[in-house]
Amino acid sequence: MEAGRALLRANTRGRFVLVPDGDVDGLSAGAIALRALERLGAEVVAVLPGKGEHVHTDALRARIVAARPDVLVVLDMGSRGEPIVAGLPTLLVDHHAPLRGFPPGATVVSAFGHPPVAATSLLAWHLFREVAALQDCAWLGLLGAVADLGAEPMPDVVKRMMGGVSRTSLREAIVLLNAPRRSAAHDITSAWEVLLRARDPADVAKGRVPGVEKLREARAEVAAEVLRCARARPYFGGNVVVLPFRSGARVHPLVAQRAAARFADRIVIAANYDYLPGRVNFAMRSRAERDLLRYLHGVGAPLTGDSGHGHPGATGGSMPFEDFERLLVAMGFEAPPPRP
Ligand SMILES: [Mn+2]
């Protein structure tokens, strides 16, 4: 935390480029960082990830470089042991399991390995509030923390932040702000702009700031896609059930979550064959297996592409069709299901 703050304070005359993950936790953490750096008098711009992008993909890296950063701040995006932009001072704020380490030379503030693992937005709030006045941003830390908790019970530290915030507004704001990154258009700029205009969760939930209409449209699209894709025919192998379908929307995590209740004694894989060209994007959930990360890494098939990140209770990946089919065979399928 102190090393992170020192990096911020040492560069208040510099130009910061922020790259937050596109979910509510990432965007909330990004908004906290943006406010803090603005108030420190630094120049700051945000670069948002496109569909399937993260800081180690070439397209996003090129946009980061084009934004001419003196310092890069990456929030809630996971990490790997490779440089993002070689030689560029980099601050990573995160809580995901690192994949083969951290970028060499980066200053890392991570909650990973410190249970109960804080959401990135909560971590960001504690990190940045020491360098700038951020009393009006506590709700952003809360928003991301609640968004990332899912069905888990709220830890006391989060409960104490709830004072004066309506749970209904909080839940509604989270659903609305998460919708654009799930929709086929992946227009997370619309969520980011609403978040920056809002002064509390009710501004988002009640549509008191411009732009909420777009979020509502994205939400309706996603809800319809979840219903459609959850009806995909299930295929069984080993203790796994896979639901193959095609959708431009990022509905595989939601479909997997629903199906995990329906197939409670199995590991569920929702497999989307049309999210990114030539790839299967899949999400795994289970009520029967507690550590899906360990399971997936122990299956014995190569985890190509961006696969096997996330949390013990929620993982998945993105790989070419053939690699995914090999993975299913390694999991106990006699033959992979037909491509949808
Ligand atoms: Mn997060």
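**Starting with F282**

Is F282 buried or exposed? F282 is buried, with a relative accessible area of 3%; buried stands for under 20%, exposed for over 50% and partly exposed for values in between, using a 1.4 Å probe and protein chains only.

**About the model**

This is a predicted model, where local features need pLDDT of at least 70 and side-chain atom pairs count only at pLDDT 80 or more, while totals for chains, interfaces and linings use all residues. Residues are numbered from 1 along each chain as its sequence is written, and side-chain values use heavy atoms, leaving out hydrogens and water.

**Aromatic pairs**

Searching the whole structure turns up four aromatic pairs. Rings of Phe, Tyr and Trp (its six-membered ring) pair if their centres lie within 6.5 Å; planes under 30 degrees apart are stacked, over 60 edge-to-face, and the rest tilted.

One of them joins Y273 and F324: the centres are 6.2 Å apart and the planes stand at 85°, so this pair is edge-to-face. Y273 sits in the loop between strand 8 (267-272) and strand 9 (279-286), and F324 in helix 13 (residues 321-330), so the pair ties together parts 51 residues apart in sequence. Helices (H or I, at least four residues) and strands (E, at least two) are DSSP runs numbered from the N terminus.

F324 also pairs with F282, in a tilted arrangement with 5.2 Å centre to centre and 45° between the planes. F282 belongs to strand 9 and F324 to helix 13, so this contact links parts 42 residues apart in sequence. F324 is buried, at a relative accessible area of 0%.

**The cluster**

Y273, F282, F321 and F324 make up one aromatic cluster.
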